[in-house]
Amino acid sequence: MKTRFTEAFGVRHPIVCAPMAYITGGKLAAAVSRAGALGLLAGGYAGTVGGEPELRAEVLHAEGERIGVGFITWALAKAPEMLDVALSLSPACLFLSFGDPRPFASKIHAANVKLVCQVQTMAHVEQAIEAGAAAIVAQGSEAGGHGGARSTLPFVPEVADHLARRAPGTVLLAAGGIADGRGLAAALMLGAEGVVLGTRFWSTLEALTPPAMVERGIGASGDDTVRTKAIDPLRGVPWPAEFSFRVLTNELTDQWAAREEEAMRSFGALAGDYADARNRGDLSIVVTVAGEAIGLVRDRPTAASVVESMVSEAERLLAGGSA
Ligand SMILES: Cc1cc2nc3c(=O)[nH]c(=O)nc-3n(C[C@H](O)[C@H](O)[C@H](O)COP(=O)(O)O)c2cc1C
């Protein structure tokens, strides 16, 4: 399945494993790349939790496989030295999401590394174009984890039309709610040249996801997720107000998801309780991070089998129509 993405990034399949904080370690990223797609190691909060030693250790787990590295942009701005560490590891690409990529662009270009920007609004698309992104990921609100308000189905073709006019050389990827060959085929029809998957790879054998979370996820429907801005302020994580967080519902979200303003005024109010709950593994308080596509996740396969089955299903659908 050749697209401009597979050509430009030197991979066989137009599929990317998202750099999911605490989930995509070197082992998962490498398994995805070994299967012919592109794995991105999560640099996550860029050293505010794990630092250079953790990043280097995860790269060793990748055993020399060609992988990229992703950071949460607003967190990288607080620990910019982590960009130098990542670039020194010769990543296949540098993926930035959730913040202005422009301050980091010249360093990434100077290192001759491809910049990939995940975006949630048309204003973000402009920033990514100005940053000289080789690829832009249009992320819909169906996505697991942090994101914005736009839905994948209309957002991806709007970005495709915009890029065709403004930056025709920029490759477009789609993210948010894509978990099987139907999603891949649909994304290609919308004008994307590949897909970025989080939730589907989250449940694979190589992911760092705690088994109790995977068990919850496998039993859940997309109905069991909620997108809210309440959780981060309560637990004392300073996310910019434009981003919300999609997670599986639990007691904490039942109590707080609809009380965003109050949560924002109570910054850090539950930080201690949340840390204790994390130590106990209490999933009634600690959120299980997954997107609406969790309703399509029913097993714990290898990352390679996810890639293979997605590609063969999409090829079959695109060759014969949905019938
Ligand atoms: C558990 C989890 C953690 C995530 N962490 C990050 C992250 O650290 N940085 C990032 O750019 N995106 C992160 N994302 C979002 C992904 O980049 C991607 O947009 C999303 O997973 C795509 O939607 P899907 O979950 O429906 O596949 C995360 C997603 C999940 C499910």
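## Domains

Domain bounds here come from an automatic or database domain assignment. In this predicted model, that assignment gives domain 1 as 4–209 + 299–320 and domain 2 as 221–289. Taken over C-alpha atoms, the centres of domain 1 and domain 2 are separated by 24 Å. Nine residues from domain 1 and nine residues from domain 2 make up the contact. On the side of domain 1 that touches domain 2, β7 gives the most, with three residues. Sorted by class, that side of domain 1 has three nonpolar residues, six polar residues and no charged residues.

## The barrel

Eight strands form a closed barrel with parallel pairing, in the order β1-β2-β3-β4-β5-β6-β8-β9. From one strand to the next, the twist averages 25 degrees.

Helix α7, residues 122–130, lies across β5 (114–119) and β6. The helix runs at about 170 degrees to β5.

Strand β8 covers residues 171–175 and is mostly covered, with five of its five residues buried. In a regular strand, side chains alternate between the two faces of the sheet. In β8, both faces are covered. Val171, Leu173 and Ala175 are buried on one side, and Leu172 and Ala174 are buried on the other.

In the barrel order, β8 stands between β6 and β9. Strand β6 (residues 135–139) runs parallel to β8 and is joined to β8 by five bridges. Ala135 has Val171 of β8 as its bridge partner, and Val137 stands opposite Leu173 in β8. Strand β9 (residues 195–197) also runs parallel to β8, and two bridges join the pair. Here Ala175 has Val196 of β9 as its bridge partner. Between these two strands comes helix α9 (residues 181–189), and β8, α9 and β9 together make a right-handed β-α-β unit.

## The three-stranded sheet

Strands of a sheet pair through backbone hydrogen bonds, either parallel or antiparallel. The barrel has parallel pairing, whereas an open sheet of three strands, in the order β7-β11-β10, has antiparallel pairing. Its edge strands are β7 (145–147) and β10 (225–228), and each of them pairs on one side only. In this sheet the twist averages 25 degrees from one strand to the next.

Three bridges link β7 and β11, which pair in the antiparallel sense.

Is Ala241 buried or exposed? Ala241 has 11 other C-beta atoms within 10 Å, so Ala241 is exposed. Lys229 is twelve residues away from Ala241 in sequence, and the two are 7.4 Å apart in space, C-alpha to C-alpha.

Notes. Residues are numbered from 1 along each chain as its sequence is written. This is a predicted model: local features need pLDDT of at least 70, side-chain atom pairs count only at pLDDT 80 or more; totals for chains, interfaces and linings use all residues. A residue is buried if 20 or more other C-beta atoms lie within 10 Å of its own, exposed if 12 or fewer, and partly exposed in between; C-beta atoms are placed from the backbone. Helices (H or I, at least four residues) and strands (E, at least two) are DSSP runs, numbered from the N terminus. Two strands pair if DSSP finds at least two bridges between them. A crossover is right-handed if, with the strands pointing away from the viewer, the path from the first strand over the helix to the second runs clockwise. Axes are lines fitted to C-alpha atoms, for helices over the stretch in contact, and angles run from 0 to 180 degrees between N-to-C directions. Two residues are in contact if their C-beta atoms, placed from the backbone, lie within 7 Å. Ala, Val, Leu, Ile, Met, Phe, Trp, Tyr, Cys and Pro count as nonpolar, Asp, Glu, Lys and Arg as charged, and the others, Gly among them, as polar.
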